[in-house]
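Trainee: I want to learn to read features off a model. Can we go through one together?

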Amino acid sequence: MFSVTVRDHFMAAHSFSGDVFGPAQALHGATFVVDAAFRRAELDGDGVVVDIGLATTRLGEVLAELNYRNLDDDPAFKGVNTTTEYLAKVVADRLAARIEAGELGEGARGLDGLAVTLHESHVAWASYERSL
């Protein structure tokens with residue numbers, strides 16, 4: 001399996017519901033470093049996994065929807081704990097929608113999978129992997 005990974009980041013504020021989150025139940029900020037890994041079994045006709053420039057641009061667009069936002073105020077996240085794990089899935093699903101729409105080029109339609117990792121610090125991160 002071949003893969004290409006691009007990286008960006010976003011900053012957001014949020015809070016969590018539930019005693020398990022301790023002090024993170026209060027509104028707090030987070031800066032996430034985000035890796036999006038695009039995977040395919042065979043290279044496309046140009047010998048690449050995905051156009052790195054388009055992948056970088058589309059990841060930036062997805063993250064711009066979250067950047068400098070209080071996620072508690074976003075109707076899309078009403079009643080949801082926007083954990084690192086949950087946000088990894090959100091980013092992956094939003095990237096997948098762009099792939100399906102052809103926004104990463106026709107060659108990207110041959111991708112087999114996508115994995116998104118959100119690094120919430122230098123010692124902790126969470127990932128979500130999905131088929132395409």
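Trainee: Is tyrosine 86 buried, exposed or partly exposed?

Mentor: This is a predicted model, so the values are computed from it. Buried means under 20% relative accessible area and exposed means over 50%. Tyrosine 86 has 29%, so it is partly exposed. Phenylalanine 77 has 5%, so it is buried.

Trainee: How many aromatic pairs does a search of the whole structure find?

Mentor: Three. One of them joins phenylalanine 77 and tyrosine 86. To classify a pair, look at the angle between planes: over 60 degrees counts as edge-to-face. Here the planes stand at 80° and the ring centres are 6.2 Å apart, so the pair is edge-to-face.

Trainee: Which residues of α2 are buried?

Mentor: Among them are Thr84, Leu87, Val91, Leu95, Arg98 and Ile99. The buried residues of α2 pack against β1, β2, α1, β4 and β5 (125-131). As for span, α2 has 17 residues and reaches 24 Å between its first and last C-alpha, close to the 24 Å expected. Just after α2, glycine 102 takes a positive phi of about 85°.

Trainee: Where do the nonpolar side chains go?

Mentor: In soluble globular proteins, nonpolar side chains tend to be buried together. In this model, the largest nonpolar core has 31 residues. Those with the most contacts inside it include Phe10, Phe38, Val91 and Val116. Two or more residues come from each of β1, β2, α1, α2 and β4 (113-119). The most come from α2, with seven residues.

Trainee: Why do the buried residues of α1 line one face of the helix?

Mentor: Look down the axis. The buried residues of α1 are Ala55, Arg58, Leu59, Val62 and Leu63. They fall within an arc of 135°, so they line one face. Their cover includes β1 (2-14), β2 (28-40) and α2 (84-100).

Trainee: What reaches the backbone nitrogen of glycine 53 at the start of α1?

Mentor: A side-chain oxygen of aspartate 51, to within 2.8 Å.

Trainee: Is tyrosine 68 buried or exposed?

Mentor: Apply the cut-off again. Its relative accessibility is 64%, so tyrosine 68 counts as exposed.

Notes. Residues numbered from 1 in each chain as written. Predicted model: local features only at pLDDT ≥ 70, side-chain atom pairs only at ≥ 80, totals over all residues. Heavy atoms only, no water. Buried < 20%, exposed > 50% of the residue type's maximum accessible area, 1.4 Å probe, protein only. Helix = DSSP H or I, 4+ residues; strand = E, 2+ residues; numbered from the N terminus. Arc of directions from axis to C-beta. Contact = heavy atoms within 4.5 Å. Polar contact = N/O pair within 3.5 Å; in protein donor to acceptor, adjacent residues only side chain to side chain. Core = buried A, V, L, I, M, F, W, Y, C linked by side-chain atoms within 4.5 Å. Phe/Tyr/Trp six-rings, centres within 6.5 Å; stacked < 30°, edge-to-face > 60°. Expected span 1.5 Å × (residues − 1).
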